[in-house]
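Please keep the sequence and the structure in view while reading.

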Amino acid sequence: MTTETEHRSLGEEVAARVERRWATLSIVIVGVLVGMATFIGIHQATMPQGRVETADPQTLHLSGEFIESNLGSTVEADGSVTVRAVGQQYSFTPQCVVVPANTPVTLRATSADVVHGLLIEGTNINTMLVPGYVSELPISFPAAGDHVMPCQEFCGIGHQGMWGKVKVVDQATFRSMMAKRRRLTCVD
Ligand code: CUA
């Protein structure tokens, strides 16, 4: 009888100890997460993003960098290429982008209405187009070929139909396509 009682109290003691250990561990985990969130919150508040560019979605089509005649690819003085694009419900402008292979490309894009996504298949380009802000990303395509460019952020009932294309051509082809043009898209 005594042994049985001892056994039971020993078992209870072990259980209580294990419970306490788990409770302590849970509290420590919650504490660490709260600490991390606080640190990141304060850190980002004191060190905001290095560069935030804005673009008024109301006037995109009227003036400034993202007017329609300025969209597409253009060659910079240093030989790099800048692509400007706008996402809107439910298409990209330009719908098809042409860029040269093996050349530094800078993509600059924004949204004219709601939040869209821009993903270029086969690359690490995957960004959001937020109305009011400019998304800028560096890209380089190692070879000629076509890449689909779907919107990857649900943006309304036509979201699944919002697809663009990136056509990568060799440098000589790009040069000849670009000749006598300031801006280039697939339809030029
Ligand atoms: Cu635009 Cu989904």
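Predicted model: local features only at pLDDT ≥ 70, side-chain atom pairs only at ≥ 80, totals over all residues.

The protein exposes about 11,600 Å², of which 60% is supplied by carbon and sulfur atoms.

## Fold and overall form

Two helices and 10 strands make up the secondary structure of the protein, and along the sequence they follow the pattern α-β-β-β-β-β-β-β-β-β-β-α. The radius of gyration is 27 Å, well over the 16 Å that the globule rule gives for 188 residues, so the protein is more spread out than a compact globule. Taken along the principal axes, the box filled by the C-alpha atoms is roughly 100 × 40 × 35 Å.

Of the 188 residues, 34% count as buried. Among the contacts with a separation of 6 or more, 62% come from residues 24 or more positions apart.

Strand S4, which covers residues 96-100, is largely enclosed by the rest of the structure, because five of its five residues are buried, where buried means under 20% relative accessible area. In a regular strand the side chains alternate between the two faces of the sheet. In S4, Cys96, Val98 and Pro100 point one way, whereas Val97 and Val99 point the other way, and all are buried.

S4 runs parallel to strand S10 (residues 163-169), and five bridges join the two strands. Within S10, Lys165 is the bridge partner of Cys96.

Note on methods:
Residues numbered from 1 in each chain as written. Heavy atoms only, no water. Helix = DSSP H or I, 4+ residues; strand = E, 2+ residues; numbered from the N terminus. Rg over C-alpha atoms; globule rule 2.2 N^0.38 Å. Buried < 20%, exposed > 50% of the residue type's maximum accessible area, 1.4 Å probe, protein only. Contact = heavy atoms within 4.5 Å. Areas by Shrake-Rupley, 256 points an atom, 1.4 Å probe, with all protein chains shown as cover. Pairing = 2+ DSSP bridges.
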